[in-house]
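Here's a quick tour of one model, taken a few pieces at a time. Have the chain open while you read.

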Amino acid sequence: MADGVVENLVIVGSGPAGYTAAIYAARANLRPIVITGFQDGGIPGGQLMTTTHVENFPGFPDGILGPNLMDRLKAQAVRWGTRLVEADADSIDLSQRPFRIQADGQTLQAQAVILATGASANRLGLPSEERFWNAGISACAICDGATPQFRNEELAVVGGGDSACEEAVYLTKYGSRVHLIVRSEQLRASKAMADRVLANPNITVHWNRQIRDCSGGDWLEAIDLVECNSHSDSDSNGGGASERIPVRGLFYAIGHTPNTRLVRGQLEVDSHGYLLTQPGRPETSQEGVYAAGDVADAEWRQGITAAGSGCQAALAAERWLTHHNLAVTMSQDPVDPAEVGEMQRTAVSDEANFDANALWQKGGYALRKLYHDSTKPLLVVYTSPSCGPCHVLKPQLKRVLEELGGRAQGVEIDIEADQEIAQQAGVSGTPTVQLFFQKELKQQFRGVKQRSEFKAAIEQLLGAAVG
Ligand SMILES: Cc1cc2nc3c(=O)[nH]c(=O)nc-3n(C[C@H](O)[C@H](O)[C@H](O)COP(=O)(O)OP(=O)(O)OC[C@H]3O[C@@H](n4cnc5c(N)ncnc54)[C@H](O)[C@@H]3O)c2cc1C
């Protein structure tokens with residue numbers, strides 16, 4: 001990734017489409033770069049990072065957790081020589097060759113580009129949405145459902161498709177009742193999924209309703225529903241009487257918008273903004289630029305179809321590069337790279353295995369010991385088992401601690417296993433990071449943030465302590 005070097009292939013996006021394209025391109029010795037994304041249009045690993053069990057991806061007879069599946073795809077891509085830029089692509093210029101992509105403060109030049117930027121969850125745009133965002137409103141039930149504020153409370157999900165149904169069923173694990181707000185008189189979800197919702201005694205479906213607004217104090221307390229006319233294209237939420245439902249959580253599952261901002265005005269898109277390709281093929285309207293996955297697929301939108309189109313895009317890019325004599329290949333060294341093996345998980349610390357100097361530990365025992373005894377800044381990250389963004393954040397935090405060479409330490413708290421700790425800490429969703437120093441909470445971070453933010457905060461504490 002040196003200045004002035006022209007890469008064979010840059011892949012933008014790290015969902016199933018992006019990583020599959022990378023696996024194929026890397027095995028073709030193209031040494032691809034994947035710009036994984038960070039916050040723009042999703043998270044590294046893509047949409048499957050926000051789900052629990054994936055039961056329909058071939059090769060996993062017992063199913064696999066979405067984040068674990070994406071960890072494996074990433075490891076496979078990296079094993080074969082894919083290089084990662086863990087940042088958002090800020091802009092892409094397809095008007096000159098080689099193409100130019102800005103990311104992480106650098107300009108990458110590429111002979112070919114694969115766009116695999118997927119799609120982002122839509123928001124309702126309620127008047128009070130900003131106020132209650134992360135204070136009751138969430139776009140990811142799977143990430144946030146386990147937080148203490150939602151336990152045994154009434155919750156609502158808005159939407160009528162597969163995601164909404166999956167989330168409603170999932171949330172019955174935590175809430176006392178789940179209200180599913182559907183703006184028509186039927187569910188768009190698959191029959192099997194719809195049947196699960198309708199058969200669940202803990203889910204109440206509110207047909208032909210939409211949300212006018214929400215209310216509460218520091219945390220969401222209620223939503224106001226109005227009847228909408230399912231027979232007209234534009235729903236009415238006007239003057240009709242509204243019904244107030246007390247809920248502590250509102251989860252959005254109202255569809256997605258393709259992430260095509262980067263190439264707007266440069267590539268052809270359909271009326272909904274999806275990239276247009278030749279039918280059944282990955283070629284876009286610009287030679288040397290390929291599309292893969294949900295960004296060009298308004299219809300199938302599955303992990304396996306995204307992976308399949310990532311494969312097509314990589315093969316097409318390879319053929320095009322070879323045909324035009326543009327590929328500079330580099331053989332793998334060694335020819336068979338070392339196996340990845342099973343992914344290691346951190347064990348929960350107890351009296352027997354607690355290590356006062358370890359950079360990273362897990363559980364309430366380690367937290368109590370380090371909080372009281374450690375003289376170093378302490379990063380406490382609150383996670384939940386199926387939270388994809390937590391998978392993204394943890395390696396970033398570990399890297400920060402490594403870079404600081406032991407001058408700070410980290411503890412992970414699983415809020416499902418350590419509910420009391422999460423409650424005392426006032427955790428309202430995962431991931432949440434609290435930075436402690438000398439037994440004082442110095443800063444709190446919600447969601448996935450850049451490594452540099454954590455590092456700067458810790459360095460500031462260390463600097464102030466010295467000064
Ligand atoms: C809750 C939920 C459950 C699902 N369950 C299943 C299931 O069980 N089985 C199944 O097959 N499918 C499932 N799906 C659908 C599946 O997740 C998607 O079809 C699939 O992830 C699409 O893959 P993709 O690679 O095209 O895009 P995505 O997975 O959306 O990934 C897009 C990537 O692009 C990146 N990106 C966006 N903008 C930029 C930028 N500016 N710069 C760099 N990178 C960027 C994002 O960070 C992300 O890494 C589910 C989806 C959801 C939301």
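Strand 7 and strand 8 (residues 106-115) pair in the antiparallel sense through five bridges; strands here are DSSP E runs of at least two residues and helices are H or I runs of at least four, numbered from the N terminus, and pairing takes at least two DSSP bridges. This is a predicted model, where local features need pLDDT of at least 70, side-chain atom pairs count only at pLDDT 80 or more, and totals for chains, interfaces and linings use all residues. Residue numbers start from 1 along each chain as its sequence is written.

Strand 7 also has strand 6 as an antiparallel partner, and here are both pairings:

| Pair | Bridges | Residues between strands | A facing pair |
|---|---|---|---|
| Strand 6 and strand 7 | four | five | Ala89 and Ala103 |
| Strand 7 and strand 8 | five | two | Arg100 and Gln109 |

In the turn between strand 7 and strand 8, Asp104 has a positive phi of about 55°. Strand 7 itself (residues 99-103) covers Phe99, Ile101 and Ala103 on one face and leaves Arg100 and Gln102 uncovered on the other. In a regular strand, side chains alternate between the two faces of the sheet.

Now for helix 11 (residues 451-466). Its buried residues (20 or more other C-beta atoms within 10 Å of their own, C-beta atoms being placed from the backbone) are Phe454, Ala457, Ile458 and Leu461. They fall within an arc of 90° seen down the axis, so they line one face of helix 11; the arc is that of the directions from the helix axis to the C-beta atoms. On the other side, Ser452, Ala456, Gly463 and Val466 are exposed, with 12 or fewer such neighbours.
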